[in-house]
Amino acid sequence: MRYLTGGLLAMMLMLSVLTGCATKHAVVLVADPDGHVGKAEVITEGGAQRLEKARDVTHLAGKSAPPSPVATADPKYIETTFGEALGVEPLPSEKFTLLFETGGAALAAESQSAIADIVAAIKRRGAISVRISGHSDSVGSIQINDAISLERATRVKDLLVADGVDSSIVEVSSHGKGNPLILVPDGVAEPRNRRVEVIAR
């Protein structure tokens with residue numbers, strides 16, 4: 001049997017129950033921690049069912065039997081049956097955006113307090129990975145903006161490490177002006193593109 005996802009990622013739970021000689025499975029579609037619900041298609045040799053809403057469930061009696069018609073799983077059933085698995089589900093990544101003054105690695109006034117928030121999030125979630133990507137606006141050459149973007153990302157890494165973040169979990173990259181947040185013509189100084197993005201996992 002196969003489980004296919006369509007569109008955005010789907011979070012599914014599956015339970016196998018042995019009954020006599022046959023193994024029965026229950027496949028339940030649940031919402032991601034952020035509330036998003038994907039879609040999934042459960043396929044056996046006997047047929048297919050699409051799970052499209054949170055708590056949609058189908059049961060399987062074997063690879064040649066068709067999946068049962070889709071029903072709605074009771075929340076108590078999900079908690080009782082899958083509570084332990086849901087309890088160890090990793091937290092979704094947290095993303096932060098810091099803005100910079102033009103032409104260098106000086107944090108803009110509105111972003112100067114963000115370092116403490118990022119450090120707190122990294123420690124609270126026990127992050128195992130922190131990705132820092134530097135960006136620039138489109139004023140100046142590619143070479144200059146690559147260098148400025150790297151300088152900004154490295155500056156944020158240094159600030160995080162100085163506040164206790166383990167440097168071995170931090171990865172720095174530079175995107176220059178090649179990945180703008182706001183699309184503008186080349187040479188336009190869009191301040192929202194002068195940024196560093198931090199993703200803590």
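**Entry 1: strand E6**

I began with strand E6 (residues 56-60), where four of the five residues are buried, so E6 is largely enclosed by the rest of the structure. I took buried to mean under 20% relative accessible area, exposed over 50%, and partly exposed in between (1.4 Å probe, protein chains only). Helices (H or I, at least four residues) and strands (E, at least two) are DSSP runs, numbered from the N terminus. I then looked up the partner of E6: two bridges join E6 to strand E7 (residues 71-72), and the two run antiparallel. Within this pair, Asp 56 stands opposite Thr 72 in E7. Two strands pair if DSSP finds at least two bridges between them.

**Entry 2: basis of the model**

I noted that this is a predicted model, in which local features need pLDDT of at least 70 and side-chain atom pairs count only at pLDDT 80 or more, while totals for chains, interfaces and linings use all residues. Residues are numbered from 1 along each chain as its sequence is written, and side-chain values use heavy atoms, with hydrogens and water left out.

**Entry 3: the whole protein**

I found three helices and 11 strands in the protein. From the N terminus on, the elements run β-β-β-β-β-β-β-α-β-α-β-α-β-β. Of the 201 residues, 35% are buried. I also looked up the contacts (heavy atoms within 4.5 Å). Among those with a separation of 6 or more, 59% are between residues 24 or more positions apart.

**Entry 4: the four-stranded sheet**

I asked in what order the strands of the open sheet of four strands lie. The order is E8-E11-E9-E10, with mixed pairing. Strand E8 (94-99) and strand E10 (170-174) are the edge strands, each pairing on one side only. Neighbouring strands of this sheet are turned by 15° against each other on average, direction ignored. For such angles, axes are lines fitted to C-alpha atoms, for helices over the stretch in contact, and angles run from 0 to 180 degrees between N-to-C directions.

E8 and strand E11 (residues 195-200) run antiparallel and are joined by six bridges. Thr 97 stands opposite Glu 197 in E11. Helix H2 (residues 114-125) packs on the sheet and touches E8, E9 and E11; its direction makes about 165° with that of E8. H3 packs on the sheet as well, touching E9, E10 and E11, and its direction makes about 160° with that of E10.

**Entry 5: Asp 137**

I next examined the loop between E9 and H3, in which Asp 137 lies. Is Asp 137 buried or exposed? Asp 137 counts as buried, because its relative accessibility is 5%. Its side chain makes a polar contact with the side chain of Arg 194 (2.9 Å). A polar contact is a pair of N or O atoms within 3.5 Å; within protein, one must be able to donate a hydrogen and the other to accept it, and residues adjacent in sequence count only if both atoms are side-chain atoms. A polar atom of the Asp 137 side chain also lies 3.1 Å from the backbone nitrogen of Val 139. Leaving aside neighbours within four places in sequence, Asp 137 is in contact with residues including Thr 102, Asn 145, Lys 177 and Arg 194.

**Entry 6: Ser 141**

Ser 141 counts as partly exposed, because its relative accessibility is 28%. The side chain of Ser 141 reaches the backbone nitrogen of Ile 144 at 3.1 Å. The C-alpha atoms of Ser 141 and Gly 187 are separated by 9.1 Å, and these residues are 46 residues apart along the chain.
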